[in-house]
Amino acid sequence: MRTQVAIIGSGPSGLLLGQLLTNAGIDNIVIDRVSKDYILGRVRAGVLEEGMVGLLNRAGAGSRMHAEGLPHEGVLLAFDGQDHRIDLFGLTDKRVMVYGQTEVTHDLMDKREATGGITIYEAGNVTPHGFAGEQPYITYEMDGTTHRIDCDFIAGCDGYHGVSRKSVPEAAIKTFEKVYPFGWLGILADVPPVSHELIYANHPRGFALCSMRSETRSRYYIQCALDEKIEDWGDDRFYDELRRRLPSAHAEAMVTGPSFEKSIAPLRSFVAEPMRFGKLFLVGDAAHIVPPTGAKGLNLAASDVHYLFEGLQEFYGERSTAGIDAYSPRALKRIWKAERFSWSMTMMLHRFPDTEGFGQKIQEAELDYLVHSTAASTALAENYVGLPY
Ligand code: FAD
Ligand code: DHB
């Protein structure tokens, strides 16, 4: 097979890039190691910046999001037994869209099918080759045979554990990493959300987040130790712990019901530089991870796609390499700002095993300053709704 852009990974970044390319008349093939149903079974992010909303519109995959997504104009920070609202819209003139990553993926898959895009699922041993030279290609195994896709470029959209970044010689890549000493235990349940706006809670027992997927589906998280076992967390224990970490008005109003998804995610900050190696580009989680506290992971994948798509469009339209040459530095500038924001939200809102004294007091001072200073609230709001592309 031959295509212009071979895309490894059928997550949100691979699908979004593929659709923008298809709409621009640039041929592409998406290839993933797992099945479509497996990908659609993943429950992850839920808050979209306006930039990502715009890209989904541009991909032609935004109509269900506009019908079913929930535009939010503020978020609540809860500490000291009280809510403090950050007026995102009042401070920035921008909203965020609450719409699950699973739905985004679903809509992009539907659009890809409708526009005749090729996706190869359940491909074994996907491997990028020759990207340091002029003729890159991908090989994969299926039905006992090795297949080959020749291409002009390879987009590594295959997530943190993917093969693309690992295929780059170690000497050519530099990585930066911070691992946090806790995780998030999250559930999904068909109960109405405890609040119409998201609640980020700082509490002596640990961080908690009340989010949602719709008016009838809640997504709740609590900070937990890294060695917690999901089996030890029945729904009653989870809700009891969540309620303890919220202001009493919310705790009392909370409607509980059986969860249908429960998982623990570790928290990590990670960046690989650069994001281009000859004809191979790293995109989204393949190149960087943020702790989820700022709701930035999915949105960063989208801004990478924006920069790479612009570069590829310029290459095929004008035969100019200026855009693809600028991809890595342009993307990394925005990534490091989101890394900084996600790190600072994580530091401000979680309990750290070693934050008993000084660190704890600094956290309290920071929260108090944040909610009483318009300048500080605006800085948070501006980052939360998303810095410009
Ligand atoms: P992915 O979604 O990881 O997609 C990569 C795709 O590549 C997958 O389909 C995978 O099957 C495929 N792939 C991997 N390896 C190979 C291979 N060798 N060959 C072929 N295909 C391969 N962000 C938030 O903002 N808020 C959250 O609450 C949040 N929760 C998260 C929870 C978890 C458990 C994880 C892992 C991430 C979470 N994120 C969250 C981050 C967000 O989901 C990611 O930033 C987003 O999924 C990035 O999209 P992506 O397309 O770059 O990568
Ligand atoms: C969700 C996840 C986040 O990490 C976040 O900051 C906000 C919302 C969610 O899954 O809904």
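Predicted model: local features only at pLDDT ≥ 70, side-chain atom pairs only at ≥ 80, totals over all residues.
## The shell around ligand 2

The shell around ligand 2 holds 14 residues. Those that come nearest are Tyr200, Ser211, Arg213, Tyr221 and Pro292. Sorted by class, the shell has 8 nonpolar residues. Another 3 are polar and 3 are charged.

## Polar contacts and burial

Arg213 meets ligand 2 through its side chain: an N or O atom there is 2.7 Å from an oxygen atom of the ligand. Arg213 is also among the residues that come nearest.

Backbone atoms take part too. A polar backbone atom of Arg44 lies 3.5 Å from an oxygen atom of ligand 2. For Ala295, a backbone N or O atom is 3.4 Å from an oxygen atom of ligand 2. Taken alone, ligand 2 exposes 290 Å². The protein buries 97% of that area.

## Strands in the shell

Two or more shell residues come from each of these elements: strand E15, residues 208-214, and strand E16, residues 217-224. E15 gives the most to the shell around ligand 2, with 3 residues.

## Ser259 and its partners

Ser259 sits in strand E17, which covers residues 259-273. Which residues does Ser259 contact, leaving aside its neighbours within four places in sequence? They are Ile187, Leu188, Ala189 and Asp235.

With Asp235, the link is polar: the side chains of Ser259 and Asp235 are joined by a polar contact of 2.8 Å.

Note on methods:
Residues numbered from 1 in each chain as written. Chains lettered and ligands numbered in written order. Heavy atoms only, no water. Near = heavy atom within 4 Å. Polar contact = N/O pair within 3.5 Å; in protein donor to acceptor, adjacent residues only side chain to side chain. Areas by Shrake-Rupley, 256 points an atom, 1.4 Å probe, with all protein chains shown as cover. Helix = DSSP H or I, 4+ residues; strand = E, 2+ residues; numbered from the N terminus. Nonpolar A, V, L, I, M, F, W, Y, C, P; charged D, E, K, R; others polar. Contact = heavy atoms within 4.5 Å.
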